[in-house]
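Start with the sequence and the model shown here.

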Amino acid sequence: MVSIIKEFLSDWIRNLVILLIIISMVDIVMSKGKMKRYVNFVVGLLIIFTIINPFLNLFKINMSLEKEVSNFDYDRFYRESLAEQDMQIRKIYLNNISNEIKKLIEEKTQYVVDNIEIKTSPDKENIFTIEEIFISLKEGEEIQNSKIKVDKITIGNGVTPVYAKSDPEVNKLLQEFLQIEEIKIHVSIFNEGDKHGRVN
Amino acid sequence: MEIFQIIGLGIVATIIIVILKQTRPEFAVLVSIVTGVIIFTLILPHLAYIIDTISSLSSRVNVDFSYFGTLIKIIGMAYIVEFASQVSRDAGQESIAMKIELGGKVLIMVLAIPILLALLDLIIKILP
């Protein structure tokens, strides 16, 4: 254990000492001019790298600066950051639109929104258009209470198909709000019993 | 001894320029540019020797120090840019000198960006 630490420290210190000697040579060779600041900047980066380099092994990170630098591809970097940006925009867009729909439905109707799924596709100007929208609603508290609750009814072999109701009023509301064709809107309304099988 | 060549060249050029400035100032600029180029070519082999020493020193370190290639490139670029901008400045073209420096700065930054990004990536990976 002691020998490992000794080796680690001696390696590290040797690297740093050689680097500092090289840097002082570079410093002397560079004439005093406006360009010196930029050279110093890169030299500073290299010093930081040398200082943290031994800790890479400690954290089991396998990375070589040389490989990263020589493989660096500006176009790829640019594309990746663009794609990431698009993803984030899409996420925020979907989130906002879901929140708006939820607010609208809960204000105007007596249903509670359970889940919203939106399928989008980017168009030419990179603005998202809604391809399809799936909304599942639950009946709100008041309706639930006013209804006569029916326990699970089993007919025949016990397998009951699940039907979801739809409400044209909700469809119309959404169509007006989103300004898309009605065929793209799929609303299904469940009530509490659905978790066990459909009770109609 | 090369130092005497450089000194001699410099002093002779200075005297010529001082004399020429009173009679034909347009030739004074030319003499100063040519002197600069000659001195630069005289020191080039020695500069190469220094760079060789630096790279042999860097190969002694057992970490991958081949990114010294980038450092040496940057130093070389800084040298050339400085030299060219001084030539322009000698000829009284301050604005051209500024533009040469601008080009040098931008290209040096382009070389430095991969190192910067790799380092940033590394630091982010190390931090928990």
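## Chain B in outline

Along its sequence, chain B follows the pattern α-α-α-α. It has four helices and zero strands; helices (H or I, at least four residues) and strands (E, at least two) are DSSP runs, numbered from the N terminus. The model is predicted: local features need pLDDT of at least 70, side-chain atom pairs count only at pLDDT 80 or more, and totals for chains, interfaces and linings use all residues. Residues are numbered from 1 along each chain as its sequence is written, while chains are lettered from A and ligands numbered from 1 in the order in which they are written.

Of the 128 residues of chain B, 20% count as buried. Buried means 20 or more other C-beta atoms within 10 Å of the residue's own, exposed means 12 or fewer, and partly exposed lies in between, with C-beta atoms placed from the backbone.

## Helix α3 of chain B

α3(B) has 23 residues. Its span from first C-alpha to last is 33 Å, close to the 33 Å expected at 1.5 Å a residue (1.5 Å times one less than the number of residues). Its buried residues include B:Leu71, B:Ile74, B:Ile75 and B:Ala78. Just after α3(B), B:Gly92 takes a positive phi of about 85°.

## The largest nonpolar core

This core has 23 residues. A nonpolar core is a set of buried Ala, Val, Leu, Ile, Met, Phe, Trp, Tyr and Cys residues joined through C-beta atoms within 7 Å. A:Val39, A:Val42, B:Leu71, B:Ile74, B:Ile75 and B:Ala78 touch the most other members. Two or more residues each come from α1 (2–29) and α2 (36–58) of chain A, and from α3 (68–90) and α4 (94–126) of chain B. α3(B) gives the most, with seven residues.

What does B:Ile74 contact, leaving aside its neighbours within four places in sequence? The partners are A:Val39, A:Val42, B:Ile108 and B:Leu111; contact means C-beta atoms, placed from the backbone, within 7 Å.

## Two helices of chain A

α1(A) and α2(A) pack at an angle of about 170°, their axes 9 Å apart. Axes are lines fitted to C-alpha atoms, for helices over the stretch in contact, and angles run from 0 to 180 degrees between N-to-C directions. The angle makes α1(A) roughly antiparallel to α2(A) (over 145 degrees). Among the residues in contact are A:Phe8 and A:Trp12 of α1(A) and A:Val43 and A:Ile47 of α2(A).

Technical notes:
Two residues are in contact if their C-beta atoms, placed from the backbone, lie within 7 Å. Angles under 35 degrees count as roughly parallel, over 145 as roughly antiparallel, 65 to 115 as roughly perpendicular and the rest as oblique.
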